[in-house]
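The points below concern its pockets and its ligand.

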Amino acid sequence: MQDTSLFRAWAEVDTAAMRHNLSIVARVLPTHKRMAIVKAEAYGHGLEGVVRALDDAEVEFFGVATPAEAARVRDAGCCTCPFILGPCFPAEREMVVQNDWRAALCSIEEAEHFDSLGKLYGKKVNLHINVDTGMGRAGLLPNDIPGLRDKLASYEHLNIEGVYSHLSAAAEDISFTHRQIRSYEHAVRDLSEALTLPYRHLCSSSAVFNYRAPSTNMVRLGRILYGYSPMPSPYNRELQNTLTLYSRVTLVRTLPGDHGISYNHTYITTGPTRVATIGIGFGDGYLHYLSNTGARVYLNGSYCPVLGRVTMDQIMVDVSHLDEVQPGDVAEIMGSNVPWSELTTRAHTIPSNVITSITGRVPRVYNNRHL
Ligand SMILES: *Cc1c(COP(=O)(O)O)cnc(C)c1O
């Protein structure tokens, strides 16, 4: 393990917990393949560290948002192929073809362009047809699927390797989700008349444990991989926390009563107060929205409330009740004692927003227990 003694804030990433979380899905859905979603710095865990640790973890693809992220997967030395979840600009498609990455097919125009690039490079371009069954973000509308299917035979340099869609409200609207599943099944049937479709995928974290889409054979895992399941399910308690955000006390002082703390004095001491300054702020991803919400850190075995506003690099916490606290002591900012869900509620946001906010200033330390 890396020496963290001079770090003000760092994230410890447990890649064995990620493999454990993948294994739960593999047990529940033994005939499904898995795509590990590593976009947005692997949900704040650090892209390179995560893909290196999961490269041999029986995942078919690494799901990324852009060709730039796909290039980082490649440069990390991974064998697992990147899958670009979102649309590519025309100027990015050549890079996709050169590297044999997987991309989404969302329009006839894209099919023509990818086909001509395949011809240029003398190879088949592997694409997954994206069907918009209700997300309203990308893909072909279900009504356009038969038209695409009938044209595909003329694209000699395309290999349609899969078909996928994305659910928009799996944790909120069960009947709409069933409509999306039916629409997806219909598209698979339509396309199967002309194609083999080795990869059929629809469900991600909010759906894998709660819905069945009979024609699918792969699931896309983001949040569940990182230990967070958005839907109630009996498997949730088996998921393990994958990231702990730590910071260190940099200074301990006793402030007199009636002393303002932090910008605009939204907190004023009511009496002498022992205050620890901690080396993390919104510049590290500890959201400013957590100011004056009752947010707390876990320090030397107890909870310490954050006083006043979160600043860019530092927060102040009340340690009056602690016997022992000194500079260098480690505070848990987020982890098993301060779960994402708690920060999420206080900041009025969603869990993925909390963890993807951890910035590049925060070193990621990998605890690769399995390696
Ligand atoms: C981000 C993303 C996912 C992962 O979603 P989770 O809910 O985190 O599992 C899956 N599919 C697509 C298309 C995505 O953009």
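1. The second largest pocket of this predicted model has a volume of about 230 Å³. Its lining comprises 14 residues, and Gly227, Tyr228, Leu239, Asn241 and Pro339 are the closest to its centre. By class, that lining contains five nonpolar, eight polar and one charged residues.

2. The largest pocket holds about 880 Å³ of space. It is lined by 36 residues, with Lys39, Met135, Arg137, His166 and Ser204 nearest its centre. The lining divides into 19 nonpolar, eleven polar and six charged residues. At least two lining residues come from each of α2, β9 and α10 (351–356).

3. Where does the ligand lie? The space that the ligand takes is the largest pocket.

4. The residues around the ligand include Ile37, Leu85, Arg220, Leu221 and Gly222. Lys39, Arg137, His166 and Ser204 also belong to this shell, and these residues are among those nearest the centre of the largest pocket. By class, the shell has four nonpolar, four polar and four charged residues.

5. In the side chain of Tyr43, an N or O atom is 2.5 Å from a ligand oxygen; for the side chain of Ser205 the distance is 2.5 Å. A polar backbone atom of Arg223 is 2.9 Å from an oxygen atom of the ligand. The ligand on its own has 390 Å² of accessible area, of which the protein covers 91%.

Technical notes. Residues numbered from 1 in each chain as written. Predicted model: local features only at pLDDT ≥ 70, side-chain atom pairs only at ≥ 80, totals over all residues. Heavy atoms only, no water. Near = heavy atom within 4 Å. Polar contact = N/O pair within 3.5 Å; in protein donor to acceptor, adjacent residues only side chain to side chain. Areas by Shrake-Rupley, 256 points an atom, 1.4 Å probe, with all protein chains shown as cover. 1 Å grid on protein atoms, 1.4 Å probe; cavity = no way out; pocket = protein on both sides within 12 Å on 5 of 7 lines; lining within 4 Å. Sits in = over half its atoms within 2 Å of the grid points. Nonpolar A, V, L, I, M, F, W, Y, C, P; charged D, E, K, R; others polar. Points joined across faces, edges and corners; volume = space filled by probe spheres on them. Helix = DSSP H or I, 4+ residues; strand = E, 2+ residues; numbered from the N terminus.
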